[in-house]
Amino acid sequence: MLKRKDLLGLYDVSAEEIDEILQNGMAMKKLLRQNIKKLPHLQGKSVTTLFYENSTRTRCSFELAAKYMGAHVVNIAAESSSVKKGETLVDTGKTLDAMKSDVFVIRHPMGGAPALLAKTVKGHVVNAGDGMNEHPSQALLDMLTMRENFSSLKGLQVAILGDIRHSRVAKSNLFGLKKMGADVRLYAPKTLLPAGLDKMGAKVCTSREEAVEGADVVMGLRIQLERQHAGNFPSLGEYAKFYGVDDTVMKYAKNGALVMHPGPVNRGVELTSALIDGDTSRIEEQVLSGIAVRMAILFLLTKEEI
């Protein structure tokens, strides 16, 4: 059982809580691998997904996670909701709360929106990504994937390269991995590096080679062009040449180092197709980890009520 009503980020989540989620996630993943997709954990519960941004992996993952555990699921997209009529997030939350929704999964372009919703509703709120703030369930599924491959996160060397500035995934991974004893190195063009990362416990590197040197895991991040209002680099081709990850760069990592990416991947930009489809790639494995860890999150948040 988690020591909180909502999961809004990993900044204030304890190592013990992260460990509990990962332990439960591994158990859920074992069931999924056995093709067991009918569980009673959320029987009688209702889960509402509120997505104010486009999503495929996260939205489908949460929906399947809830359905596999017996919950009733309602999907609300901003484009087809009363938001188009001017309804505020607070009023939407109050309306859905009155309908007795037990869990709200929200993705929103504004940082802090899930926290605002959490203050409004009685149900549990799960942050599925808010602006450039956090994306806790993505980081947890990344950690679950790493833990399965290395048995422990303590002492793990993790390199994260890409659009750090706009990445909520990078921030949640940094918070979570550091709490679990891993070392995190970051690399990106200076225009895509926010200030203060070193104060958060990350080592900010000056080259791809430095970031990847001796790494157990190399994670690429998507270039988020939709969040950029200025030219932060000359072109995608030049980005790939100077900041992307390929076989030459991976030679600096440990032999057999895992290749990961939260998806969707811009092939040939953040990672080469050879790495994406290679033996050490865990990108597809991350997708299954996503359903499992989200099953764990939904179960643990509502566990005391069952």
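**Figure 1. Five-stranded open sheet of the predicted model.** The strands of this open sheet follow the order β7-β6-β5-β8-β9 and pair in parallel; two strands count as paired if DSSP finds at least two bridges between them. Helices (H or I, at least four residues) and strands (E, at least two) are DSSP runs, numbered from the N terminus. β7 (203-204) and β9 (258-260) are the edge strands, each with a single partner, so one side of each has no neighbour in the sheet. This is a predicted model, in which local features need pLDDT of at least 70 and side-chain atom pairs count only at pLDDT 80 or more, whereas totals for chains, interfaces and linings use all residues. Residues are numbered from 1 along each chain as its sequence is written, and side-chain values use heavy atoms, with hydrogens and water left out.

Figure 2. Three bridges join β8 (residues 217-220) to β9 in the parallel sense. Val 217 is placed opposite Leu 258 of β9. Helix α5 packs on this sheet and touches β5 (157-161), β8 and β9, contact meaning heavy atoms within 4.5 Å. The direction of α5 makes about 170° with that of β9; axes are lines fitted to C-alpha atoms, for helices over the stretch in contact, and angles run from 0 to 180 degrees between N-to-C directions. Helix α6 (residues 168-179) also packs on the sheet, where it touches β5, β6 (183-187) and β8, and its direction makes about 155° with that of β6.

Figure 3. Parallel pairing links four strands in the order β2-β1-β3-β4. At the edges stand β2 (72-77) and β4 (124-130), each of which pairs on one side only. From one strand to the next, the twist averages 15°. β1 and β2 are paired in the parallel sense through six bridges, and Phe 51 lies opposite Ala 77 in β2. Helix α3 (residues 89-98) packs on the sheet in contact with β1, β2 and β3 (103-108), and its direction makes about 160° with that of β3.

Figure 4. On a 1 Å grid over the protein atoms alone, a pocket is an open set of points where a 1.4 Å probe fits, with protein on both sides within 12 Å along at least five of seven lines; lining residues have an atom within 4 Å of a point. Of the 16 lining residues, Arg 57, Pro 262, Gly 263, Ile 283 and Val 287 are the closest to the centre of the second largest pocket. Helices α2 (57-68), α5 (136-150) and α11 (283-302) each supply at least two lining residues, and α11 gives the largest share, five residues. The lining holds six nonpolar, seven polar and three charged residues; Ala, Val, Leu, Ile, Met, Phe, Trp, Tyr, Cys and Pro count as nonpolar, Asp, Glu, Lys and Arg as charged, and the others, Gly among them, as polar.

**Figure 5. Backbone geometry in two loops.** Gly 263 and Pro 264 are joined by a cis peptide bond with omega about -10°. Pro 264 belongs to the loop between β9 and α10 (273-276). Asn 35, a residue other than glycine, has a positive phi near 65° and sits in the loop between α1 (15-33) and β1 (46-51). Most residues other than glycine have a negative phi, and most peptide bonds are trans.
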